[in-house]
Protein chains: 2
Amino acid sequence: MDLAQALLDGNRRALAQALTLVETGGPQARSLLSALFAQTGRAHIIGVTGAPGAGKSTLVAALAAYWRRAGRTVGIIAVDPTSPFTRGAILGDRIRMQTLSGDPGVFIRSMASRGRLGGIARATGDAVALLDAANFDVVLVETVGAGQGEVEIAAAAHTTIVIETPGAGDDIQAIKAGILEIADLLVVNKADRDGAEQTVRQLRAMLSLADPPADGWTPPVLTAVAMRGEGIEAIATAAERHLDYLRNSGRFTGREQERAAHELRLILQETALERVRARVSPSEWEALIAQIVARTLDPYAAADHLLERGLSHSGE
Amino acid sequence: MDLAQALLDGNRRALAQALTLVETGGPQARSLLSALFAQTGRAHIIGVTGAPGAGKSTLVAALAAYWRRAGRTVGIIAVDPTSPFTRGAILGDRIRMQTLSGDPGVFIRSMASRGRLGGIARATGDAVALLDAANFDVVLVETVGAGQGEVEIAAAAHTTIVIETPGAGDDIQAIKAGILEIADLLVVNKADRDGAEQTVRQLRAMLSLADPPADGWTPPVLTAVAMRGEGIEAIATAAERHLDYLRNSGRFTGREQERAAHELRLILQETALERVRARVSPSEWEALIAQIVARTLDPYAAADHLLERGLSHSGE
């Protein structure tokens, strides 16, 4: 496939086009990804998550700039609707973005997170695969951390960085319990604010009380003032150390298996839904919906009925 | 089915048991829901969404108390990991919760949002159906609004209430653009704080600049101090007015069709995945994953291979 070859050859227009294709989804996107899959598996995939306003984009930009100086190429995917990356840097973050723009060793892509119910996790995984195939050394995925998004990103990443801010208040305590389960690195950003040390202490206390991590890695708690570039080197180094740990401890394969199983489940679900829809005429679909609304047919029976027809590719 | 009948008879233990069943998912959950589906369609389903700390739980509790005084029964589902409902009211919200506890006309359920990748939307829809079948007049679904969660809840609700707080800052602007698309009611909570009027003005200005709403309903912008019960009646009344509007304008059927299509898609995806897994032995699944990790098989081809076997119920 020409598009796949152009992407592998480093053509950035081809990469952009491929990303648009996988954002839309469908059989063409799948055959592209299928063709490129053998070229993936080299990048260090890092998820960055945290509440709105925690400074995720600034930290991502600073990490990207750090790794560029170290001679590594960086791909960035923003699935955070509050991200300045996502909004085309309309939010006064232009200056920080400018340090990255114009550098062919950086590629930034935002994913639309509206109107694609359930499909964003799939599309994000596909985008990561494309950047990996396009030979970026590090792929950073920024996602807003509140609910399901952060769990999804942890399932798709090698290393998950969770960002907190000082004195985020009691409300955040509840999140933290869940976040400890997914964080490989904890960063207290905006550490020049009051209460930063206390937040660090709290996080360390929570970690010491939690069950020993299943993979044997205790997440370090680091501080940063991402806006001024402070603490960035330590975070980048810790992320690299985490990857080394995974590799040296033999845990890397386990993480890769989890990632693959997660991917395969998402692909199965999306493909199954797509094939069902391809076999059902719009009028038949509407008739089923009308029966469900009238409560003369339940959606579980409707699903059974539709799946009875089989989903083999040859039947399409 | 005994459990279904007990639930319909108003047995709260049966309801709790049924909710646990649908949270786990699987064929037993589906046959329960299938049996109860004809009894759904009566409740007013209201989604309440907003950023962490916006006061969603307090507002939900206040709305529930208001509707109870008006003689209506209220079911509450919290899918927000920061919700005191979800955390068993550990966060100092005990007093507000107590006004509801012990009242058989209120039922509160929190949904675990961890470890069930992609399944939370499905489980939430199922829980709504159970509360609807159990004859609750109003079903309130609290979800954290940041990214995909709020889109999911809007797709599952009749009326979506979006909560903002004064001066939430520039970061929130980006969210708002997306939120306008899903909000049927906008509430500026904590309206005794500085900047409340400005936030109301900003929201109204954004609404006036936005495209005219597709369904002809212009979301009102209301203020509240939920902690003190201020503004609650106006919000409850506006929610009821929205439902009346849907019914009188003939839009209700359209909203129900969207809800049914959303449900059916989720059920199709989950059922398809479950059937694939039921047909594949653990060792075969592991072998496929190992090939994907080794990049000798791509996950799209693996999915094709698995779907070739058909997904008919009879084959199980």
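This is a predicted model: local features need pLDDT of at least 70, side-chain atom pairs count only at pLDDT 80 or more; totals for chains, interfaces and linings use all residues.
Me: At what angle do helix 11 of chain A and helix 13 of chain B pack?

Reply: Axes are lines fitted to C-alpha atoms over the stretch in contact, and angles run from 0 to 180 degrees between N-to-C directions. Helix 11 (residues 251–279) of chain A packs against helix 13 (residues 299–307) of chain B at about 55 degrees, with axes 9 Å apart. That makes the pair oblique, a class left over once angles under 35 degrees (roughly parallel), over 145 (roughly antiparallel) and 65 to 115 (roughly perpendicular) are taken out.

Me: Which residues of helix 11 of chain A meet helix 13 of chain B?

Reply: Contact requires C-beta atoms, placed from the backbone, within 7 Å. Among those from chain A are Leu264(A), Ile267(A) and Leu268(A), and the partners in chain B include Tyr300(B), Ala303(B) and Leu306(B).

Me: Which residues have the most contacts inside the largest nonpolar core?

Reply: A nonpolar core is a set of buried Ala, Val, Leu, Ile, Met, Phe, Trp, Tyr and Cys residues joined through C-beta atoms within 7 Å; buried means 20 or more other C-beta atoms within 10 Å of the residue's own. The largest has 178 residues, and Leu130, Val139 and Leu140 of chains A and B have the most contacts inside it. Leaving aside neighbours within four places in sequence, Leu140(A) touches residues including Ile46(A), Val60(A) and Ile76(A). Of the 316 residues of chain A, 51% count as buried.

Terms used. Residues are numbered from 1 along each chain as its sequence is written. Chains are lettered from A and ligands numbered from 1 in the order in which they are written. Helices (H or I, at least four residues) and strands (E, at least two) are DSSP runs, numbered from the N terminus. Two residues are in contact if their C-beta atoms, placed from the backbone, lie within 7 Å. A residue is buried if 20 or more other C-beta atoms lie within 10 Å of its own, exposed if 12 or fewer, and partly exposed in between; C-beta atoms are placed from the backbone.
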